[in-house]
Amino acid sequence: MRIAILSRNKSLHSIRRLREEARKLKVECLVINPLECQLVVDGNKHDILVGSVVLPRFDVILPRIGASITDYGLAVVKQFENQGVPVLNGSLAIAQSRDKMRSLQVLAKAGIRVPKTVLTRSTRGLKAAAARVGGTPVVMKVLEGTQGLGVMLLDSPIAMSSVFETLIGMEQDVIVQQFLSEKAGRDYRVFVVGKRVVAAMMRTAPEGDFRTNIHRGGEGHLVKLPKNYERMALRACRILGLEVAGVDVMESRRGPVIIEVNSSPGFEGIERATGLNIAGAVLRYVKRAGKR
Ligand SMILES: Nc1ncnc2c1ncn2[C@@H]1O[C@H](COP(=O)(O)OP(=O)(O)O)[C@@H](O)[C@H]1O
Ligand SMILES: [Mg+2]
């Protein structure tokens, strides 16, 4: 079996781990930089050129598309889909989960609890938007941030409006969101592969921060995930069409709240925190997908 990982950077920890597990499972595994892929639309041929070489057919594609190349990366993923190759995750699912507003719209429509959120471009309307999510402090997020960057806690109307105007001036779309204060500074990261939760950790933010991201200094430890959290995380992935995903879930008085669903979740933090072989679980799933 021959698979390809789409990633710009071979030396990333997650890519190294996937290749290591592929070797163990005797799966041939190439890493392809999506920005090197030239996509040919020509009748019913859907060739992909790297330099002057036409890529051979792969059994499965595993996209690990970073936020900085979402548009080009998605075009590449779509091309593989057009070739009829199983792709985990698909382009539509990645696009939908990458956009923080769109994913919340889709989840809320399906009846999944998410924080109260307003997408706004209006300085005039900002006060009303903030009031709709409970007033300051509010959380403000740029639509395509990751690893905690672009996620801010604004504790006064002046902080909120000055940051808002700056971001809008920089052509960034933003959402204003209810600050879930009850259990701020901790959340669950749930790792889903196929229809199963393969690992869950509780993350705690570093002292003085509310963001639990491991890249921002958050710490993770193994937890037993409550059943209702598990069901909700699996349902969110099913609705968004994601087969490999990292779901961020916070606790609230009314039960679990989905913060976001990541389509290219990292392995390093969760493997370290739980001692589980997550990359291996992904690879075994990929191998099954290639045989279907
Ligand atoms: N509405 C919120 N209330 C409280 N904490 C939040 C809220 N939204 C996000 N956070 C915290 O900030 C972290 C990063 O936010 P998230 O939306 O997951 O963005 P990113 O894509 O950067 O990880 C979350 O893991 C959580 O700890
Ligand atoms: Mg997150």
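**Around the ligand and into the core**

In this predicted model, ligand 1 is surrounded by 21 residues, and the closest of them are Pro115, Val139, Leu180, Arg211 and Thr212. Sorted by class, this shell holds eight nonpolar, eight polar and five charged residues. Three strands, S8 (138-142), S10 (174-178) and S15 (257-262), each contribute at least two residues to the shell. Seen by domain, at least three shell residues come from domain 2 (96-112 + 183-279), and at least three from domain 3 (117-178).

Next comes the interior of the protein. In soluble globular proteins, nonpolar side chains tend to be buried together. Here, the largest nonpolar core comprises 58 residues, with Val247 and Val249 making the most contacts inside it. Residues of this core come from both domain 1 (2-90) and domain 2 (96-112 + 183-279), so the core lies between these two domains. Leaving aside residues up to four places away in sequence, Val247 touches Val190, Val192, Ala233, Ala236, Cys237, Ile258 and Val261. Another core, of 15 residues, lies apart from the largest one and includes Leu126, Val139, Val151 and Phe164.

Finally, the chain can be viewed as a whole. The protein chain contains nine helices and 15 strands, and 40% of its 292 residues are buried. Among contacts with a separation of 6 or more, 64% join residues 24 or more positions apart. The C-alpha trace spans about 55 × 45 × 35 Å along its principal axes.

Technical notes:
Residues numbered from 1 in each chain as written. Chains lettered and ligands numbered in written order. Predicted model: local features only at pLDDT ≥ 70, side-chain atom pairs only at ≥ 80, totals over all residues. Near = placed C-beta within 6 Å. Helix = DSSP H or I, 4+ residues; strand = E, 2+ residues; numbered from the N terminus. Nonpolar A, V, L, I, M, F, W, Y, C, P; charged D, E, K, R; others polar. Domains from an automatic or database assignment. Core = buried A, V, L, I, M, F, W, Y, C linked by C-beta atoms within 7 Å. Buried ≥ 20, exposed ≤ 12 C-beta atoms within 10 Å, placed from the backbone. Contact = placed C-beta atoms within 7 Å.
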